[in-house]
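Visitor: I'd like to learn how to read a protein model. Could you walk me through this one?

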Amino acid sequence: MDQSPLPAATELRDFLSGDARQLAPLLLGAVLTHESRDGAVSVRLTELEAYLGPEDSLHPDPGSHTYRGPTPRNAPMFGPAGHLYVYFTYGMHHCTNIVCGPAGVASALLLRAGEIVDGLELAQRRRPTSKSPADLASGPARLAKALGLTTADSGRDALAPPFSLELPSVPGGPVSSGPRVGVAGAGGSEQYAWRFWLAGDPTVSKYKAAKPRARRRAADGPPGRATFDQR
């Protein structure tokens, strides 16, 4: 049987091979679906953060997990585009990224927030502490939980079953941008204002700057990438 990628998936992967900073606004309003054994959940993306590469790369990013170079954990961030990079933080939370850029070049978009547009009941079972539907995926850990994603999904292809990614047919609305949430040091400054969100959308998470006190460092990254508000 021919296992070559479907043309639509190939075109989408080519699209995702671009610069994460330019892709982020274009992916707002896109719908990511995960069909697990429990059922399918779909989330419309309303907030994303772009992350780039190591300190010796063309686009060094001090907020990125790859800043100190490749490791087995961050390997998915080096490509190919369209795959997932899921990491575990604080000993309790999973956060999901969609890999971007050419294969071999570290780049990804952190899925910070979204609106559950299908599979609401399943998402609510996974997130029983949520106070409202708008709260179900408002934050990267909440979004990953609602979709049923863990580190077991890191490296999997988001453009092939049991996943799918559908780009918005029309722009999702006005886009705002600003510093990334809770990232310490230069990576959280205006110089790296690579967080993008749909202005006025109720599912967008609240901005929080990194706390000045020392925080536990992420296993692969510089001090900062582990300081996201993941709740």
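Visitor: Among contacts between residues at least 6 apart in sequence, what share join residues at least 24 apart?

Guide: Let's start with the word itself: a contact means heavy atoms within 4.5 Å. In this protein, 63% of the contacts between residues at least 6 apart join residues at least 24 apart. Before we go on, this is a predicted model, where local features need pLDDT of at least 70 and side-chain atom pairs count only at pLDDT 80 or more, while totals for chains, interfaces and linings use all residues. Residues are numbered from 1 along each chain as its sequence is written, and side-chain values use heavy atoms, with hydrogens and water left out.

Visitor: What is the mean pLDDT of the protein?

Guide: pLDDT is the predictor's confidence in each residue, from 0 to 100. Here the mean is 89, and 88% of the residues reach 70 or more. Residues 1–5 have a pLDDT below 50, and beyond near neighbours in sequence that stretch has 1 contact in the model. Residues 213–219 are also below 50, with 10 contacts beyond near neighbours in sequence. Where pLDDT is low, the predicted coordinates should not be read in detail.

Visitor: How many helices and strands does the protein have?

Guide: Helices (H or I, at least four residues) and strands (E, at least two) are DSSP runs, numbered from the N terminus. This protein has 4 helices and 8 strands. Going along the sequence, the pattern reads α-α-β-β-β-β-β-α-α-β-β-β.

Visitor: What percentage of the residues is buried?

Guide: Buried means under 20% relative accessible area, exposed over 50%, and partly exposed in between (1.4 Å probe, protein chains only). Of the 231 residues in the protein, 53% are buried. As for the surface, accessible areas come from the Shrake-Rupley method with a 1.4 Å probe, and for residues only the protein chains shown count as cover. The accessible surface comes to about 10,700 Å², with 55% of it belonging to carbon and sulfur atoms.

Visitor: Which strands pair with β8?

Guide: Two strands pair if DSSP finds at least two bridges between them. β2 and β8 run antiparallel and are joined by 3 bridges, with Glu-47 partnered by Trp-197 in β8. Strand β7 (residues 175–178) also pairs with β8 in the antiparallel sense, over 4 bridges, and Gly-178 stands opposite Arg-195 there. As for β6, 4 bridges join it to β1, again antiparallel, and Ser-164 is the bridge partner of Thr-33.

Visitor: How many disulfides does the search find?

Guide: A disulfide is a covalent bond between the sulfur atoms of two cysteines. The test used here is a pair of cysteine sulfur atoms within 2.5 Å. Across the whole structure the search finds 0. Cys-95 is buried, at a relative accessible area of 0%, and Cys-100 is buried at 0% too.

Visitor: Where is Ser-138 found, and is it buried or exposed?

Guide: Ser-138 is in the loop between α3 and α4, and it is buried, with a relative accessible area of 11%. A polar atom of the Ser-138 side chain lies 2.8 Å from the backbone oxygen of Thr-203.

Visitor: Which side chain makes a polar contact with that of Ser-130?

Guide: A polar contact is a pair of N or O atoms within 3.5 Å; within protein, one must be able to donate a hydrogen and the other to accept it, and residues adjacent in sequence count only if both atoms are side-chain atoms. For Ser-130, the partner is the side chain of Arg-127, at 3.0 Å. Ser-130 also lies in the loop between α3 and α4, and counts as buried at 17% relative accessibility.
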